[in-house]
Amino acid sequence: MSNTISHLLLNSIPSQLKGGSAFLIELDRHVLPTHDELIHYLTPSEKKHVSSIKYVQSYDRVIVSRAVLRILLGHYLSCSPCSVDITLGTHGKPMLKEASLFFNVSHAENKYIYLLSCDVPVGIDIEYINSRKHWQEIARDYFHPDEYNIFSNDVDCSDLIQQFYRIWVGKEAVMKLSGLGMALPINSFCIDPDKELQKVYYEFNNEKSYCSLQLINRQDLFACAVATPVNKKINIKHIIPITNPKNDS
C-alpha cells in the first residue's frame with residue numbers, strides 16, 4: 001500500500017471498529033490518488049469490469065469507490081485489500097462473504113462516503129442538491145402520496161427542494177439497508193423530511209419490516225441519510241480525512 005493512501009485513510013480513522021458504533025468516512029475526490037494508482041487494489045474480475053466502461057467519469061468513479069472500500073475493509077479485517085471477499089446479495093447488494101463486518105457505500109459528485117459497522121447491516125445515501133433537476137416530476141411519479149402532498153404546500157421553492165432531497169436520500173438509505181434495492185417499491189413507504197430521526201416501516205412480499213433512519217444535517221449542497229436496524233442503537237462517528245496527497249512527501 002502506498003504511503004499516500006495509508007497516510008490519508010488509515011492514519012485518519014480509528015484502528016478498530018467497536019460494538020454499538022459505526023464509522024461514516026467521507027472523502028473528496030481531490031484528496032485521493034489517480035485511478036491509475038487505485039486500480040491496483042481491484043481484483044482481476046473487477047479490473048475486467050471497469051475496462052469495459054467507456055465514460056471517463058464512470059470509469060474513475062467505479063475504481064475509486066471500490067478501491068477505497070477494499071483498502072478500508074482490508075484494514076479492519078487485517079488482510080490485503082485484494083483478498084477481501086466481496087460478494088453480492090440476492091438483490092445485488094455488495095457484502096462480505098463472511099459477514100464479520102457490514103458496509104455500505106454512496107457517491108455524489110466529488111463526494112465518496114463509506115459506512116462501516118461490526119454489528120448490523122447499514123444503508124447510506126448521499127445526493128448533490130441540484131435545483132435544476134426535474135424534482136417535481138420525480139416526486140409526483142415515485143413518492144408516496146403522503147410525501148407528495150408536502151409539495152402542494154405554499155412554501156419557498158428552495159425549502160421544497162431541500163425536503164425533496166431529504167426524502168430521496170432517506171428512501172435510498174432504507175432500500176440499501178434492506179438489501180432489496182429497487183425490488184422494494186420506492187412509493188411503498190414514507191419518509192418525513194422534517195424528522196431528523198425516525199422509524200420507517202416497509203413491506204416486501206407480505207413481510208413487514210422497519211428500521212431507524214437518520215437524516216443528517218449538513219451545511220453544504222449535499223443531502224445524506226443513514227439507515228440501521230431499529231432494535232440496535234448505533235453511534236455514528238463522522239470522519240472526514242482532509243489530507244491532500246499532492247502535499248505529502
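Me: Which residues line the second largest pocket?
Reply: This is a predicted model, so everything here is read from a prediction. The second largest pocket has a volume of about 210 Å³. Its lining is made up of L197, S212, L213, Q214, V226, T228, P229, V230, K232, K233, I234 and I236.

Me: And which elements give two or more residues to that lining?
Reply: By class, the lining of the second largest pocket splits into seven nonpolar, three polar and two charged residues. As for elements giving two or more residues to it, they are β8 and β9.

Me: What volume does the largest pocket have?
Reply: Twelve nonpolar, nine polar and eight charged residues make up the lining of the largest pocket. The volume of this pocket is about 750 Å³.

Me: Which residues lie nearest the centre of the largest pocket?
Reply: Several elements each supply at least two residues of its lining: α3 (44-51), α4 (56-77), β2 (86-88), β4 (102-108), β6 (123-128) and α7 (157-178). The lining counts 29 residues, and those nearest the centre are R61, S65, R66, P94 and V105.

Me: Let's step back to the whole chain. How many helices and strands does it have?
Reply: The C-alpha atoms fill a box of roughly 55 × 35 × 35 Å along the principal axes. Within the protein chain there are seven helices and ten strands.

Me: What radius of gyration does the protein chain have, and what would a compact globule have?
Reply: The chain has 249 residues, and for that number a compact globule would come out near 18 Å. The chain agrees with that, because its own radius of gyration is 18 Å.

Me: What percentage of the residues count as buried?
Reply: Buried here means under 20% relative accessible area. Of the 249 residues in the protein chain, the share that counts as buried is 48%.

Me: What share of the contacts between residues at least 6 apart in sequence join residues at least 24 apart?
Reply: Start with the contacts in the protein chain whose residues are at least 6 apart in sequence. Among these, the share joining residues at least 24 apart is 60%.

Me: Now for charges. How many salt bridges does the structure hold?
Reply: Side chains of opposite charge can pair when their charged atoms come close. Counting salt bridges over the structure gives nine.

Me: Are R140 and D141 buried or partly exposed?
Reply: R140 has a relative accessible area of 48%, and D141 has 45%.

Me: How many residues apart are R218 and E26, which form a salt bridge?
Reply: The closest N and O atoms of R218 and E26 are 2.9 Å apart. R218 sits in the loop between β8 (207-216) and β9 (222-229), while E26 belongs to strand β1 (residues 21-28). The pair thus links distant parts of the chain, and the separation is 192 residues.

Me: Which residues are linked with R218 in a network of salt bridges?
Reply: R218 also forms a salt bridge with D220, where the closest N and O atoms are 2.7 Å apart. D220 is partly exposed, at 31% relative accessibility. Along with R218, the network links E26, D28, K111 and D220.

Me: Where is N205, and is it buried or exposed?
Reply: N205 is found in the loop between β7 (197-204) and β8. It has a positive phi of about 50° although it is not a glycine. At 64% relative accessibility, over the 50% cut-off, N205 counts as exposed.

Me: What phi does N206 have?
Reply: N206 lies in the loop between β7 and β8, and at 73% relative accessibility it counts as exposed. N206 is not a glycine, yet its phi is positive, at about 65°.

Me: What distance separates the C-alpha atoms of N149 and A139?
Reply: N149 is in the loop between α6 (145-148) and α7. N149 is partly exposed, with a relative accessible area of 43%. N149 and A139 are ten residues apart along the chain, and their C-alpha atoms are separated by 9.5 Å.

Technical notes: Residues numbered from 1 in each chain as written. Predicted model: local features only at pLDDT ≥ 70, side-chain atom pairs only at ≥ 80, totals over all residues. Heavy atoms only, no water. Salt bridge = Lys/Arg side-chain N within 4 Å of Asp/Glu carboxyl O. Helix = DSSP H or I, 4+ residues; strand = E, 2+ residues; numbered from the N terminus. Buried < 20%, exposed > 50% of the residue type's maximum accessible area, 1.4 Å probe, protein only. 1 Å grid on protein atoms, 1.4 Å probe; cavity = no way out; pocket = protein on both sides within 12 Å on 5 of 7 lines; lining within 4 Å. Points joined across faces, edges and corners; volume = space filled by probe spheres on them. Nonpolar A, V, L, I, M, F, W, Y, C, P; charged D, E, K, R; others polar. Rg over C-alpha atoms; globule rule 2.2 N^0.38 Å. Contact = heavy atoms within 4.5 Å.
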